[in-house]
Amino acid sequence: IPQILTNNAEDFVKTAHIFRDEYGHREVNLNLGCPSGTVTAKGKGAGFLGEPEKLERFLDEIFAKCNIQISVKTRLGMDDASGFPELMKLYNKFPMKELIIHPRVQKDFYKNTPNLEMFAEAFAMSTNPVCYNGDIFCVEDYQRVCERFPELDAVMSGRGTLTNPALAREIRGGQALTKAELRKFHDLVYHTYRAEVSGDRNVLFKMKELWFYMGPLFANNKKYMKKIKKSEKCAVYESAVAELFASEEAFFDSDNIKVL
């Protein structure tokens, strides 16, 4: 499902129709959750939550003009969650395919712990299907959320899946990720970026972001991560990655993953 990050209704509608007409998508997602300072400073992502009147006009327009299903991903607010019940009343005015709630505020970024009390209140209020998002790094995390909210419509994992590409399989009772699979996942992402993105620098910028999540899976990763971070050419990067996979064992216990 493609995600659109904007606070301009005309741009959203135009982009949604391109996804529908040219690519065959049946749903688009509005990002009201991105906590990045460069995004929120422009009133986009979680920054849009600080302007509820403008947000309501925006939602009025896109739901009136888009002939495609719309889901919304949101945080609880900018600085604190006290205003989120009012935002929920706003969200309830619109027929969303799904409301994805990450129960942190913008200033939390990914620190502190998800506010499950506010999530529970929002879940009870919502007239739209609700998806939980936040700190799902292992099977136990998923089970804890489902046990507390047994009527939940869906659970989303973002950073947890970047760390462990087999997380969904493990949640369904399948086998744990192997190092060979992690290498296959890495290679697929890397070679796709090389095919689609111009220039070593741009490719490596994206891959270094991925290693922020995957690096801690290797017990003795420091010297290899240093080489990966310092690499400016794809050939140097490939050598560092090959050395890491050849020399170190990966492990996937939840205690290790949770330090991210």
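Here is a short chat about the strands and helices of this predicted model.

User: How do you know that S3 and S4 are paired?

Analyst: Good place to begin! Two strands pair if DSSP finds at least two bridges between them. Strand S3 (residues 69-74) and strand S4 (residues 99-101) are joined by three bridges, so they meet that cut-off. Within this pair, Val72 stands opposite Leu99, and Lys73 has Ile100 as its bridge partner.

User: Why are S1 and S6 called edge strands?

Analyst: Let's look at the order of the open sheet: S1-S2-S3-S4-S5-S6, with parallel pairing. Strand S1 (3-4) and strand S6 (154-156) each pair on one side only, and that is what makes them the edge strands.

User: How do you know that helix H5 packs on the sheet?

Analyst: Contact means heavy atoms within 4.5 Å. Helix H5 (residues 116-125) touches S4 and strand S5 (130-133), so H5 is in contact with the sheet. The direction of H5 makes about 170° with that of S5.

User: Why is the unit of S3, helix H4 and S4 called right-handed?

Analyst: Picture the strands pointing away from you: a crossover is right-handed if the path from the first strand over the helix to the second runs clockwise. The β-α-β unit of S3, helix H4 (residues 84-91) and S4 is right-handed, which means its path runs clockwise in that view.

Note on methods:
Residues numbered from 1 in each chain as written. Predicted model: local features only at pLDDT ≥ 70, side-chain atom pairs only at ≥ 80, totals over all residues. Heavy atoms only, no water. Helix = DSSP H or I, 4+ residues; strand = E, 2+ residues; numbered from the N terminus. Axes fitted to C-alpha atoms, helices over the stretch in contact; angles between N-to-C directions.
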